Each structure stands twice: as C-alpha cells, then as structure tokens.
Amino acid sequence: MSSSSPAPGSAPSGSTPIAGAPPLSLCAREPHVPADRLVAEMVPPPRFDSVRFSTYIPDPNQPSQSEAVRVLEGFAAGLGEAPGTGTGRRGFFGLGRGKAPRPPAGPRGVYLDGGYGVGKTHLLASLWHATPAEPSRKAFGTFVELTNLVGALGFQQTVQTLSGHRLLCIDEFELDDPGDTVLVSTLLGRLVEAGVALAATSNTLPGKLGEGRFAAADFLREIQGLSAHFRALRIDGEDYRHRGLPEAPAPYSDEQVTRAAHETDGASLDAFPALLDHLARVHPSRYGALTDGVSAVCLTGVRPVPDQSTALRLVVLADRLYDREVPVLASGLPFDRLFSEEMLKGGYRKKYFRAISRLTALARDAARLVDAD
C-alpha cells in the first residue's frame, strides 16, 4: 500500500484522469439534522421494511421460535390505544389501566434472548410493524442510536420526546459499556413510568464455541431495577457466527476504486484517513444523514484505525451503511485488518467484529461496481 492517499474525490497520483462529473465526497458534507428528523428516522432499517411475523419461518425443530412469534403477536395486539383516554397506557398484552398515575404492575417489555442467526431483529422489526399505532408513536433503533439521540437532544428532551410513544424497540442492546448501560437504563425507567412499552435484543459475540450464546441473565442484571419490567423470551437455534467471520474480499487498486466512483451515479470517493478525521467533526447521530443520496461509498488507502475513539466512530458509520445497504468499495488493507489484536480482545470487541462482518458484506456487494467495467 502506498504511503499517501488521494484527496477526496480525486484520482490517485500517476493515474489517468477520468472524464465526467466528479463523485461525491463524504468529507465535504457536514449535515445538520433537526431533532424531529432524528426521532422520525427511528424506524426499522430498509432491509427490514417488509418483514412481518408471517414472513418469519420458524425451525420445526426449535419450538421456542414458534412460541416467540405467538407471544410477540399477543404483545403487539395489546398495545392499542386505551379507548377514550388518549394516553395509550395499557398493560402487557392489553390489560387496561384506566387513569391511574402509576404504570401497571408486571412486565412492560419483552427481551428476545438467543444467539446469532435465529432472527431476533426480524422478530423485533415485525413487532414494530404489528403494533397498532402510528409510526410517529413507535420507535426502533439500535442501542448506539439511542445513546446518540440522548447525546444530540439531551436526557430530559429525549424523555419528553419518547414519552408519548407506545413502543420503543432497542436492537443490539450493548452489555459492554457500563456508562451507556446506566444512562439507557435510567432513560427506560422514565419511559416505563410514562407508559411506554419496551422490546429489546442483545448480542454477545462468543470468543469460543458455546460461550455467551444466551445473554438474558447479563441483560437483566445490567438494567438493574428495570429487570422486573421485562419478560425474557429465549429463542433457540443454530448460532451461525460460531463458524467465524467470513473472509474479507481482496481490496482493489486505487485506480479501480477511483474509476468505479466516477462511473457510478451517486457514488462517493474519499481517502480513508481523511474520512476518519472527518467523522471526528460530525456527531454520530448525523452519520445516517452523511450518506443521504449516496449509492456507493468508495474509499482509497484503507489502513488500521489508530485508536479506540476513531474505531468506535467507524463502527457507527458501518452500522448506518449496512442499514441502508450501501456497498463499500475499497483499496488498501482488507476490512478484517482494520482493528488491532488488542482492540479485538478488549471490551468493545463485539462492536468491532460486527463492523468487520458488515463492512465485509458491503464489500462483497460492491464487487459489481468493478466487475461491470
């Protein structure tokens, strides 16, 4: 790999200039996202637009999967508006609570517990779709997106904004960040008091086969006083991730990446180090807006991330690109060499492995941009 990378949107040194309109540059974008858009975008990502309980195919050898669908369908049906009150505060599975100021006793949420590959996010998104409320009154986001929302709006404003919702779905609840866990637990406590129903999943990436496959005990312990509000649904099934991360495809040359960027409508082109620097100047809650209208992300000079703060920002960008199914074409090092061994053994290892897996999938999707030449 060369020691220098081309400027954003430019052809690498020594290559033949490419005619036509230059590609976009993520580094040239500094989106300002209003608070109402941040909340409005808390919906299932595009790849889960069409999922429903009816499209989830339970494994006949795993009865817990069919049971999870049955329970969640009942949960969704019980989240309709309370007639005449306008508050929408009802108990788990639709038990009315009248106008009492206190929330109902018993579970106010459900936690989907299982390994990778059993369809937890599919079921969580199906719950969001099935809940009888306007989209503006139910929210779906990852744990990271929720903490970013608090960072952008402030704690009190986030409480006020989400308190009118019927349902909050949290995918990939992070159990490896004590500070953020306390923050989100406190937030959820306030929302439960306001009558908001909750649903969550969490993932633990095992360091060895069989380790950390189910996380309900960890989840219920970490959310402390909120544990009584959740009913845990264990979903058995094969853990596909125990086979290891897929091998990342070989990177392309700078010239191939640059040419593909120029020849692909709506593609962006940036030097990877410059993009990492730019991410430090943009709040993570705006990373989705950073990719608005981008059909493909082309990066030159991919190299290992230099520190943990940079790595965590890259994880958020990888999540937003994956949610939006934006292919990523790159030169330099393959994505499975982004993070140091120390990072992959540390407290945020799960996030880094997820980013590698997602960027690898997007890199495979990007192969058509070069193959079409």
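**Close-up views of a predicted model**

View 1. Five strands make up an open sheet, ordered 2-3-4-1-5, with parallel pairing. Strand 2 (138-142) and strand 5 (230-234) are the edge strands, and each pairs on one side only. On average, neighbouring strands of this sheet are turned by 15° against each other, direction ignored. Strands (E, at least two residues) and helices (H or I, at least four) are DSSP runs, numbered from the N terminus. Two strands count as paired if DSSP finds at least two bridges between them. Axes are lines fitted to C-alpha atoms, for helices over the stretch in contact; angles run from 0 to 180 degrees between N-to-C directions.

This is a predicted model: local features need pLDDT of at least 70, side-chain atom pairs count only at pLDDT 80 or more, and totals for chains, interfaces and linings use all residues. Residues are numbered from 1 along each chain as its sequence is written, and side-chain values use heavy atoms, with hydrogens and water left out.

**View 2. Strand 1 beside strand 4.** Strand 1 (residues 109-113) pairs with strand 4 (residues 197-201). The sense is parallel, over four bridges. Which residue of strand 4 is the bridge partner of Y111? That partner is A200.

**View 3. Helix 4 crossing helix 5.** Helix 4 covers residues 143-153, and helix 5 covers residues 155-162. Their axes come within 7 Å and cross at roughly 115°. The crossing is right-handed. A crossing is right-handed if the near helix is turned clockwise from the far one by less than a right angle, and left-handed if anticlockwise. From helix 4, L146, L149, V150 and L153 take part in the contact. They meet F155, Q157, T158, T161 and L162 of helix 5. Contact means heavy atoms within 4.5 Å. The residues of this contact divide into six nonpolar, three polar and no charged. Ala, Val, Leu, Ile, Met, Phe, Trp, Tyr, Cys and Pro count as nonpolar; Asp, Glu, Lys and Arg count as charged; the others, Gly among them, are polar.

**View 4. T158 in helix 5.** T158 lies in helix 5. Is T158 buried or exposed? T158 is buried, with a relative accessible area of 0%. Buried means under 20% relative accessible area, exposed over 50%, and partly exposed in between (1.4 Å probe, protein chains only). Leaving out residues up to four places away in sequence, T158 touches L149, V150, L153 and L187.

**View 5. Two loop residues with positive phi.** Most residues other than glycine have a negative phi. E172 is not a glycine, yet its phi is positive, about 60°. E172 sits in the loop between strand 3 (167-171) and helix 6 (178-193). E172 counts as buried because its relative accessibility is 6%. E325 is not a glycine either, and has a positive phi of about 55°. Its place is the loop between helix 11 (308-323) and strand 8 (328-332). E325 is partly exposed, at 43% relative accessible area.

View 6. C169 counts as buried, at 1% relative accessibility. C298 is buried too, with a relative accessible area of 0%. How many disulfides does a search of the whole structure find? The search finds zero. A disulfide here is a pair of cysteine sulfur atoms within 2.5 Å.

**View 7. The chain as a whole.** The chain has 13 helices and eight strands. Of its 373 residues, 52% count as buried. Among contacts with a separation of 6 or more, 83% join residues 24 or more positions apart.
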